[in-house]
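Please open the model in a viewer and follow the selections below in order.

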Amino acid sequence: MTFHERSALTTIVAVLVTFGAYFFVLIAGVDRRVDDIAYKPLLVLTVIVLTAIMAISHIVLAVRAPDEANHLDERDRTISQRADQVAGVVLACVVLLVIFLTMVEAAHVYIANSLLLGLVISQVAGRGVRSPRRPPPRPRSSRRRHHHRT
């Protein structure tokens, strides 16, 4: 697995764990009134924890493979472009949903967290494209083996 594949996998895990916890805590408090949901301090804490996890994990990855850390070959650039395209499409779909929420005058907490969830989903989708894949299967030989009868 290359540095960039390990980086993508680390990012997926970190984002899913931190924002999974964020949305779990947020949803657990759904029985409260919308105005009483104090999501801002929780969001700030989540971003701080995610930033720390990402910084530490990428330092460790770079120390373990210093030659690969800043090296991008043509394949890596192509994969990165494709990942960015996938993330962009996902984010665009979420933005359309948020525009709808705004038009129906949903509460700010729902609009803000819908945008945040969309950002998280788009990042996971984009990093998922960058994550390691099994090599494609080898084509079977077109030659048939003939068994000689004796």
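**A tour by helix**

Helices here are DSSP runs (H or I, at least four residues), numbered from the N terminus. This is a predicted model, in which local features need pLDDT of at least 70, side-chain atom pairs count only at pLDDT 80 or more, and totals for chains, interfaces and linings use all residues. Residues are numbered from 1 along each chain as its sequence is written, and side-chain values use heavy atoms, with hydrogens and water left out.

At 1.5 Å a residue, the 23 residues of H5 should span 33 Å, and the end C-alpha atoms are 33 Å apart, which agrees; the expected span is 1.5 Å times one less than the number of residues.

Next, select H1 (residues 3–28) with H2 (residues 39–64). The two pack at an angle of about 160°, with their axes 10 Å apart. H1 is therefore roughly antiparallel to H2 (an angle over 145 degrees). Axes are lines fitted to C-alpha atoms over the stretch in contact, and angles run from 0 to 180 degrees between N-to-C directions.

Finally, select Glu105, in the loop between H4 and H5. Glu105 is not a glycine, yet has a positive phi of about 55°. Most residues other than glycine have a negative phi. At 71% relative accessibility, Glu105 counts as exposed (over 50%).

How values were computed
Parallel < 35°, antiparallel > 145°, perpendicular 65-115°, else oblique. Buried < 20%, exposed > 50% of the residue type's maximum accessible area, 1.4 Å probe, protein only.
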